[in-house]
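Hi there,

Here is the structure I promised to pass on to you. Please open it next to this email, and then read on for what I found in it.

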Amino acid sequence: MDKSKANPSIKCSVDQCEYHCLNQEYCALDSISVGTHESDPTVQECTDCESFERKKQ
Ligand code: SF4
């Protein structure tokens, strides 16, 4: 994948992710999956980007 290509629809500040755009605060994927680790989510912190993968060294 081309990590220099930002997806303008997915803003993201998680630089530690393998799919983060190289030079802009966006995701480089065409789409992502968002979910929750809670049974009854109530606040923003309850949601997760399920497409996250730790950046490879
Ligand atoms: S996959 Fe999720 S965490 Fe990773 S850069 Fe894209 S939006 Fe951010």
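Tyr26 is in the segment before strand E1, where strands are DSSP runs of type E with at least two residues and helices are H or I runs of at least four residues, both numbered from the N terminus. This is a predicted model, in which local features need pLDDT of at least 70 and side-chain atom pairs count only at pLDDT 80 or more, while totals for chains, interfaces and linings use all residues. Residues are numbered from 1 along each chain as its sequence is written, and side-chain values use heavy atoms, with hydrogens and water left out.

Back to Tyr26: is this residue buried, partly exposed or exposed? With a relative accessible area of 23%, Tyr26 is partly exposed. The classes work like this: buried means under 20% relative accessible area, exposed means over 50%, and partly exposed is in between (1.4 Å probe, protein chains only). Leaving out residues up to four places away in sequence, Tyr26 touches Ala6, Asn7, Pro8, Ile10, Lys11, Cys12, His20 and Cys21; a contact means heavy atoms within 4.5 Å. Gln57 is 31 residues from Tyr26 in sequence, and their C-alpha atoms are 20 Å apart in space.

Two of the residues that Tyr26 touches, Asn7 and His20, deserve a visit of their own.

Asn7 is also in the segment before E1. Asn7 counts as buried because its relative accessibility is 12%. What does its side chain reach? Another is the backbone nitrogen of Ser9, which lies 2.9 Å from a polar atom of the Asn7 side chain. These are polar contacts, meaning pairs of N or O atoms within 3.5 Å; within protein, one atom must be able to donate a hydrogen and the other to accept it, and residues adjacent in sequence count only if both atoms are side-chain atoms. Neighbours within four places in sequence aside, Asn7 is in contact with Tyr26, Cys27, Leu29, Asp30 and Ser31.

Ser9 itself lies in the segment before E1, and counts as exposed because its relative accessibility is 67%. From Ser9 to Tyr19 there are 10 residues along the chain, and their C-alpha atoms are separated by 14 Å.

His20 is in the segment before strand E1 (34-36). Why does His20 count as buried? The reason is its relative accessible area of 5%. The side chains of His20 and Asp15 are joined by a polar contact of 3.2 Å. Not counting residues up to four places away in sequence, His20 touches Lys3, Cys12, Ser13, Val14, Asp15, Glu25 and Tyr26.

Lys56 and Gln16 are 40 residues apart in sequence, with 9.1 Å between their C-alpha atoms. Glu50 lies in the segment after E2 as well, and counts as partly exposed because its relative accessibility is 48%.

Finally, the protein as a whole has zero helices and two strands. Buried residues make up 23% of its 57 residues.

Best wishes
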